[in-house]
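Colleague: I am new to this structure and would be grateful for a close look at a single part of it. Could you please describe where its residues lie, how exposed they are and what they touch?

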Amino acid sequence: MGSRRSALASPRSVVVIGLGRFGRSLALELMEDGQVDVLGIDNDPALVDELAGSLTHAVVADSTKEEALRQLSVHEFDRAVVGIGTNLEASILTVSVLLQFGIRNVWAKAISESHARILTQLGAHKVIRPEHEMGLRVAHLVRGRMLDYIEFDDGYAMVKTTPPAPIVGKSLGQVKLRSTYKVTVVAHHRAGDGFTYATPETVLAADDVIIVSGQIRDVEAFSALS
């Protein structure tokens with residue numbers, strides 16, 4: 001293959017390898033807004049046939065074989081997601097091949113802590129454990145008044161919640177959120193209005209919705225205030 005980049009592997013393209021439940025959902029979501037081209041790869045012809053009309057390209061191939069991926073120009077992609085879960089050997093070998101290609105962003109699904117550790121040690125740029133992460137998120141939502149919850153790798157989180165009683169009716173500057181609760185109210189929403197940035201002058205009502213950021217333990221404690 002010459003130096004010209006394959007049309008299949010344009011800068012806006014993503015290759016999704018493994019078209020089971022996770023890979024299928026991801027690939028279809030990427031296609032949703034029409035801004036991303038998706039190459040879907042799986043060794044199961046039935047899965048590929050099912051998605052053939054929904055993705056930019058869907059191909060049957062053995063992703064553990066370097067030559068098979070080269071023939072599909074996968075080595076020219078900047079972004080790849082490995083959604084293989086149950087076949088650990090295939091998952092690990094596929095990630096290894098992608099990293100050997102020098103692909104800049106390799107995301108990989110893991111089904112266990114040990115699987116995630118191996119993928120991380122290989123050099124995968126981001127390892128996802130969908131069931132585990134969803135379980136943690138739901139636990140946080142069930143535990144308190146949170147309406148939504150996003151956790152980041154460094155112990156930082158953002159939550160969607162309602163204002164606790166101690167800050168209702170007072171300006172955010174007056175209650176000194178950072179020094180008192182170690183959190184920041186980033187934005188707020190009032191019925192009939194959209195979300196807007198919060199300022200020190202913002203006064204919250206009991207039925208407002210707010211976006212709060214901070215360390216996990218601090219946002220949890222803040223959202224649990226009555």
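**A loop residue and its surroundings**

Modeller: Ala205 counts as partly exposed, because its relative accessibility is 24% (buried means under 20% relative accessible area, exposed over 50%, and partly exposed in between, with a 1.4 Å probe and protein chains only). This is a predicted model, in which local features need pLDDT of at least 70 and side-chain atom pairs count only at pLDDT 80 or more, while totals for chains, interfaces and linings use all residues. Residues are numbered from 1 along each chain as its sequence is written, and side-chain values use heavy atoms, with hydrogens and water left out.

Ala205 belongs to the loop that joins strand E10 (196-197) to strand E11 (209-215); helices (H or I, at least four residues) and strands (E, at least two) are DSSP runs numbered from the N terminus. Residues up to four places away in sequence aside, Ala205 touches Pro163, Val168 and Arg190, where contact means heavy atoms within 4.5 Å. Between Ala205 and Pro164 there are 9.7 Å from C-alpha to C-alpha, although 41 residues separate them in sequence.

Ser171 may be considered next. Ser171 lies in the loop between strand E8 (156-161) and helix H7 (172-175). With a relative accessible area of 17%, Ser171 is buried. Beyond its neighbours within four places in sequence, Ser171 is in contact with Pro200, Glu201, Thr202 and Val203.
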